[in-house]
Amino acid sequence: MTLAAAKSKAKFLILDAGYNQMKNYEAARNVMVQAIIPLNPGNEKEPQAEITRKGTPCCSMGFPLTY
């Protein structure tokens, strides 16, 4: 994080998935900013249509089921 980012009144920091590293989340927290960074799945395989990436089953419409 730059000094300019630390002095700004921004509440959120929106970054690309390539910045999905713990040090970026820690730097954002140090300047009291909420980091919004999409997860970078890397070489993960695409899950089946009826199961989310977290392993939650989905209904026929594609929504995750809730216990």
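This is a predicted model: local features need pLDDT of at least 70, side-chain atom pairs count only at pLDDT 80 or more; totals for chains, interfaces and linings use all residues.
**Close-up 1. The cysteine pair, Cys58 and Cys59.** With a disulfide taken as a pair of cysteine sulfur atoms within 2.5 Å, the count for this chain comes to zero disulfides. Cys58 is in no disulfide, and the nearest cysteine sulfur, that of Cys59, is 6.9 Å away. Cys59 is likewise in no disulfide, with the sulfur of Cys58 as its nearest at 6.9 Å. As a reminder, a disulfide is a covalent bond between the sulfur atoms of two cysteines.

Residues are numbered from 1 along each chain as its sequence is written, and side-chain values use heavy atoms, with hydrogens and water left out.

**Close-up 2. A nonpolar patch on the surface.** Phe12, Ile14 and Ile36 form this patch, and together they have about 330 Å² of accessible area (Shrake-Rupley method, 1.4 Å probe, only the protein chains shown counting as cover for residues). Patches are made of residues with over 30% relative accessible area and no salt bridge; nonpolar side chains (Val, Leu, Ile, Met, Phe, Trp, Tyr) are joined within 5 Å, and like charges within 9 Å. A salt bridge is a side-chain nitrogen of Lys or Arg within 4 Å of a carboxyl oxygen of Asp or Glu. Ile36 sits in strand β2 (residues 34–36) and is partly exposed, at 38% relative accessible area.

**Close-up 3. Asp16 in its loop.** Look for Asp16 in the loop between β1 (12–14) and α2 (22–30). Asp16 is exposed, with a relative accessible area of 53%. Which residues does Asp16 touch, not counting residues up to four places away in sequence? Ile37 and Pro38 are the ones, with contact meaning heavy atoms within 4.5 Å. The C-alpha atoms of Asp16 and Ile37 are separated by 6.0 Å, although the two are 21 residues apart along the chain.

**Close-up 4. Stepping back to the chain.** The elements run α-β-α-β from the N terminus on, with helices (H or I, at least four residues) and strands (E, at least two) being DSSP runs numbered from the N terminus. Of the 67 residues, 12% count as buried.

Terms used: Buried means under 20% relative accessible area, exposed over 50%, partly exposed in between (1.4 Å probe, protein chains only).
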